[in-house]
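Colleague: Could you walk me through reading this model, feature by feature?

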Amino acid sequence: MKNLNIAFFGGTHVHLKVSEKCKDLGAKCYLLDKNKNCYAQDSNDFVNIDFNNLKNAIKFIKQNNINYLYSSQSDVGVLSLGYINSKLKLPGTSFKIAKLLTNKFKIRKILKKNNFYQPKFFLLNKNTNKKLKFNNKIYIVKPLDSSGSRGIYDVKNNISLKSKIIKSLKFSKKKKVILEEKIKGLEFGAQTFSIKGDCKSVILHEDFMSNINPKIPAGHIFPFKQIDNPNELKKIKKVIKKAINILGVKNGPCNVDCIYTNDKKIFILEISPRLGATCLPDMLKLYTGTDWDINTIKLQNSLNIQEIKEKKKIHVMSKVFESKKTGYIRKIKTGKYPKNSNVNFFIGKNKKIQKFTDGTKLFGQIVSYSAKRENLIKKVFKFEKSIKIYLTSKK
């Protein structure tokens, strides 16, 4: 990576860790963030700039001879990243793909056109006066272009529809929402990896949902055990691969959300052109032996990459730590760290902690592995339960 000057879109703990690995491989790195108090604020590589301000971002990129842009675990900068890549002819996600995969309505239309199962869906804005025949069904309203499980609400009748649309619109830059029928079934996710326009790897994972907001994933586990029929598993992976290829993903990862119904239909609900959040890259490194962030950066810059394989005799689990309150930390106490675990707290004494209202509000995480699945689940939840947070209302 000696010839790479990389700008990471976001001064997150994720990007700081990946940038350190890239620097060890010879790259020069910059961590761009408009928030002066972001996680990477003390790094020598931190640059206080809004990467979604295209004029300023492009000026900075040109001045510093940056030749590669990267974003992991978040859609916040994907559209800007794609635009700049196409304008400056940089490798990685194109503007065409970025526009498509940050637009839930367009994804739905393409998948429906190609005979994938899709829920009933509608594109709405604040002026829409939509009336639905609920017939005991539930609908979901969600921002057209948001991530992190923000702005998603259940709608059970026409009385609440308008107010839920208005609430959801607050999370959409395009000021549009998608309204869709809620599908009943088994919800799970997948991480995919494509090479030269062909989806080569699909790793399925189970999700643990937040206790505070059950719409938000707060952890995952490999391998996927919720469906034990090998033929059905093959079918699911085949459907996901086909969807990724049809949507035009060329090189690198996608984060996929799915539902499997009782009548064995697979619905693909979301596809994002980046690695999933909630510790998934750390989990994938343990589960496949491959660093998917580094693999992506190398692949998109025509460097040799590692082959991705699942390890059949290991179980890997993650859990992010959720706060029920907002305040300033006086101290944090925990039980003994579990064996074969990596525990990280992202905020310390006198730092602000926020109530876990979306996937960005975690204050720490654990990633752990074991040969025994049930023991793994028990020890992770036991450790999480041992965490005690003492807050004060002021710094």
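Modeller: Gladly; we will go through helices, strands, loops and cysteines in turn. This is a predicted model, where local features need pLDDT of at least 70 and side-chain atom pairs count only at pLDDT 80 or more, while totals for chains, interfaces and linings use all residues. Residues are numbered from 1 along each chain as its sequence is written, and side-chain values use heavy atoms, with hydrogens and water left out.

Colleague: Let's begin with a helix. Which residues of α10 are buried?

Modeller: Some terms come before the case. Helices (H or I, at least four residues) and strands (E, at least two) are DSSP runs, numbered from the N terminus. Buried means under 20% relative accessible area, exposed over 50%, and partly exposed in between, with a 1.4 Å probe and protein chains only. In α10, the buried residues are Arg 373, Leu 376, Ile 377, Val 380, Phe 383 and Glu 384. Seen down the helix axis, the buried residues of α10 fall within an arc of 135°, so they line one face; the arc is that of the directions from the axis to the C-beta atoms. The face turned away from this buried side carries the exposed residues Glu 374, Lys 378, Lys 382 and Lys 385.

Colleague: What covers the buried residues of α10?

Modeller: Here contact means heavy atoms within 4.5 Å. The cover includes β10 (198-209), β11 (217-222), β14 (315-321), β16 (341-345) and β18 (364-370).

Colleague: How far does α10 reach from its first C-alpha to its last?

Modeller: The expected span of a helix is 1.5 Å times one less than its number of residues. Helix α10 (residues 373-386) has 14 residues and reaches 20 Å, close to the 20 Å expected.

Colleague: Now strands, please. Which strands pair with β6?

Modeller: Strands of a sheet pair through backbone hydrogen bonds, either parallel or antiparallel. The working rule is that two strands pair if DSSP finds at least two bridges between them. β6 pairs in the antiparallel sense with β7 (residues 153-155) over three bridges, and five bridges join β6 to β8 (residues 177-181), again antiparallel. Val 141 stands opposite Tyr 153 in β7, and Ile 140 stands opposite Glu 180 in β8.

Colleague: Why is β6 described as largely enclosed?

Modeller: Five of the five residues of β6 (residues 139-143) are buried, so the rest of the structure largely encloses this strand. Tyr 139, Val 141 and Pro 143 are buried on one side, and Ile 140 and Lys 142 on the other.

Colleague: In what order do the strands of the three-stranded open sheet run?

Modeller: The order is β17-β15-β19, with antiparallel pairing. β17 (352-353) and β19 (388-392) stand at the edges with a single partner strand each, so one side of each lacks a neighbour in the sheet. Five bridges join β15 (residues 327-333) to β19, and Lys 333 has Lys 388 as its bridge partner in β19.

Colleague: How about a loop: is Thr 290 buried or exposed?

Modeller: Thr 290 lies in the loop between α8 (280-288) and α9 (292-299). With 1% relative accessibility, Thr 290 counts as buried. Beyond its neighbours within four places in sequence, its contacts are Leu 284, Lys 285, Asn 295, Gln 306, Glu 307 and Ile 308. Just after α8, Gly 289 takes a positive phi of about 75°.

Colleague: Last one: how many disulfides does a search of the whole structure find?

Modeller: A disulfide is a covalent bond between the sulfur atoms of two cysteines. The cut-off used is a pair of cysteine sulfur atoms within 2.5 Å. The search finds zero disulfides. For Cys 199, the nearest cysteine sulfur is that of Cys 254, 7.6 Å away. The sulfur of Cys 279 is 19 Å from the closest cysteine sulfur, in Cys 38, too far for a bond.
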